Amino acid sequence: MNRELAGRVAVAGVGTTRYGKLPEYDAYDLGVWALKAALDDCGLGFADIDGLIVNRIPDYQRFGEITGINPRYTTITPGQGRFSGICIQTAVAAIAAGLAETVALVYGNNGRSAGDRYGGASDAYGSGGAGLWFPYGMTSPGAFHALMMRRHMEQYGTTTDQLGAIAMAFRRHASLNPDAVMREPFTLEAYRAARFICEPLRLLDYCLINDGGVAMIVTTAERARSLRKPPAYIRGFAQAAEFAGSTFPPDDFWRGPMAKVAKDVYAMAGAGPRDMDALMIYDNFTPTVLFSLEGFGFCPVGESGPFVADGKLAPGGALPTNTSGGHLSESYMQGWALNVEAVRQVRGECGARQVADAALVQYMTAAPVITSIIYGRDPQ
Amino acid sequence: MSEYAKPLPPDDPANRPFWDGAKRGVLMLQRCLDCGRHRFPAARYCVQCRGERSEWVSTSGAGVVESYCTFHRAYWPAFAAEVPYDVVQVRLDEGVRLFSNLVGGRPRAGMRVRARFDPVTPAVTLVKFAPE
């Protein structure tokens with residue numbers, strides 16, 4: 001990991017649309033809406049963009065055509081949530097290498113209005129061989145995580161009430177976030193009463209499919225300092241993949257690749273888990289939060305259940321996590337909105353849900369591609 | 001008799017030995033002729049040694065339930081009458097993993113199982129598992 005890169009690139013602007021059902025906007029429109037907001041956030045214009053990375057929006061050329069962006073560097077990535085972290089890392093690397101100075105990262109998702117389903121005939125989760133298992137009724141990323149959770153329960157005694165503590169904590173954060181789609185806190189009794197989708201997971205363990213767009217403007221730290229908002233410095237980033245056998249849940253709950261990413265990202269940032277003021281954990285389903293906390297060393301292996309049960313992830317807790325409400329309660333923006341929340345936290349602009357004196361905030365995703373990014377209020 | 005309405009396996013020519021074996025009541029796997037590693041679904045190259053030479057071999061069909069989950073939601077109309085139903089994640093003794101269903105009873109993690117063959121249509125026999 002290149003420590004010299006730490007703090008040299010920053011997020012200058014962030015923009016988000018409303019989240020929910022927005023049938024009059026397609027994915028391109030949602031991306032443009034978010035990008036206009038991100039440019040306004042930092043005081044730049046379309047002509048300042050010389051790098052363009054689009055995600056989930058179907059076509060980069062069409063996006064450039066409708067926005068009049070003619071970049072020096074462009075790429076497009078598949079509409080999978082693991083790619084938000086990958087895209088941000090690519091932007092940092094492109095800027096560090098001089099391929100571009102100011103990169104627009106644009107995400108548009110009209111999945112709710114388009115009726116996207118994550119299970120059944122259109123299931124394309126993982127490496128694409130899912131059709132082989134449809135005859136047995138096996139489908140959906142939710143079921144994949146249900147299988148992982150069942151093993152965690154068997155091996156370590158983890159309980160579904162501990163998943164409930166995660167879902168309740170994120171909903172309490174969402175109750176403080178005007179942009180969140182689901183804002184009404186619920187009790188453990190209500191969690192237990194929620195219907196099972198794929199047992200042991202209930203409806204309240206699943207993320208919220210919605211329409212929305214997110215954009216980020218990433219540039220050199222030097223340029224970011226001259227703009228409208230305080231920079232959110234990229235203090236560390238790392239990635240590791242585990243593809244072999246990945247049609248099936250990993251034996252180690254992705255601890256192997258997470259350990260590599262943790263080592264690299266903390267070394268680059270010159271900080272460790274205890275230094276993080278808040279976490280943004282990719283919460284496609286509640287168990288992923290447990291696996292991430294163990295994999296990144298926030299608690300010993302097998303102890304994530306008791307670790308979260310006391311509410312430490314909730315507002316005012318020792319380790320505020322997904323302060324926007326995350327994918328479970330704000331909206332499933334596939335990691336993008338969690339990265340924006342990290343930026344807003346280190347800027348100190350989160351209002352009622354602001355974490356006091358947030359200097360370092362870590363984003364992480366546990367999936368066949370593990371990524372993590374540490375955002376800092378200060379460059380060093 | 002009503003028509004079988006659940007999804008059927010994709011008719012991938014590369015996997016036909018597996019499904020032909022199932023019709024005969026034998027669990028067949030592809031095996032690398034260079035390093036001996038078993039695999040399914042079929043692939044041209046071995047993931048372990050990248051060798052290209054392979055054969056299909058019969059196996060005992062024995063394995064262990066690594067995990068399971070229980071569907072309460074039907075993602076296909078034809079499964080609506082069956083919810084809640086279990087899906088098991090089985091690791092065969094040859095190391096290959098399959099998703100399947102358990103015939104007879106509820107799964108437990110660590111349960112020893114053996115393949116059972118379920119002829120769901122004249123053309124297709126699914127590979128399911130029963131406790132040993």
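# Exercises on a predicted two-chain model

In β7 of chain A, the bridge partner of A:Gly15 is A:Ala215. The model from which this pairing is taken is a predicted one, and the exercises below work through both of its chains.

## Exercise 1. The surroundings of β1 in chain A

Task: determine with which strands β1(A) pairs, in which sense, and whether the residues of β1(A) are buried or exposed.

Solution. Begin with the pairing to β7(A), which covers residues 212-220: β1(A) and this strand run antiparallel and are joined over seven bridges, and the pair formed by A:Gly15 and A:Ala215 links these two strands. Next, turn to β8(A), residues 232-241, which is joined to β1(A) by two bridges, again in the antiparallel sense; here A:Ala10 has A:Tyr233 as its bridge partner. Finally, consider burial: eight of the eight residues of β1(A), which spans 9-16, are buried, so the strand is largely enclosed by the rest of the structure.

## Exercise 2. Two packed helices of chain A

Task: describe how α5(A) and α9(A) pack, and state which residues meet.

Solution. Two packed helices are described by the angle between their axes and the distance between the axes. For α5(A), residues 160-174, and α9(A), residues 286-295, the angle is about 100° and the axes lie 9 Å apart. Since angles of 65 to 115 degrees count as roughly perpendicular, the two helices are therefore roughly perpendicular to each other. The residues that meet are A:Leu163, A:Ile166 and A:Ala167 on the side of α5(A), with A:Thr286, A:Pro287 and A:Val289 on the side of α9(A). Sorted by class, this contact comprises five nonpolar residues and one polar residue, with no charged residues.

## Exercise 3. Backbone features in the loops

Task: find which non-glycine residues of chain A have a positive phi, and where cis peptide bonds occur.

Solution. Take phi first. A:Trp254, although not a glycine, has a positive phi of about 70°, and this residue is placed in the loop between β8 and α8 of chain A. A:Asn322 likewise has a positive phi, of about 55°, in the loop between α10 and α11 of chain A. Both can then be tested for burial, for which 20 or more other C-beta atoms within 10 Å are needed: A:Trp254 is buried because 26 lie within that distance, and A:Asn322 is buried because 27 do. Turning to the peptide bonds, the one from A:Glu199 to A:Pro200 is cis, with omega near 15°, and A:Pro200 lies in the loop between β5 and β6 of chain A. In chain B, the bond from B:Val83 to B:Pro84 is cis, with omega near -5°, and B:Pro84 belongs to the loop between β4 and β5 of that chain.

## Exercise 4. The fold of chain B

## Exercise 5. Where the chains meet

Task: characterise the side of chain A that touches chain B, and follow the contacts of B:Asn101.

Solution. The interface involves 27 residues of chain A and 28 residues of chain B. On chain A, α4 and β5 each supply at least two residues to this side, and α4(A) gives the most, with six residues. By class, the side has 15 nonpolar, seven polar and five charged residues. Strand pairing also crosses between the chains, as β5(A) and β4(B) pair in the antiparallel sense over two bridges, with A:Cys198 bridged to B:Phe71. B:Asn101, in the loop between β6 and β7 of chain B, counts as buried because of its 22 C-beta neighbours inside 10 Å. Beyond neighbours within four places in sequence, B:Asn101 is in contact with A:Tyr136, B:Asp86, B:Val87, B:Val88 and B:Lys128.

Conventions
Residues numbered from 1 in each chain as written. Chains lettered and ligands numbered in written order. Predicted model: local features only at pLDDT ≥ 70, side-chain atom pairs only at ≥ 80, totals over all residues. Contact = placed C-beta atoms within 7 Å. Helix = DSSP H or I, 4+ residues; strand = E, 2+ residues; numbered from the N terminus. Nonpolar A, V, L, I, M, F, W, Y, C, P; charged D, E, K, R; others polar. Pairing = 2+ DSSP bridges. Buried ≥ 20, exposed ≤ 12 C-beta atoms within 10 Å, placed from the backbone. Axes fitted to C-alpha atoms, helices over the stretch in contact; angles between N-to-C directions. Parallel < 35°, antiparallel > 145°, perpendicular 65-115°, else oblique.
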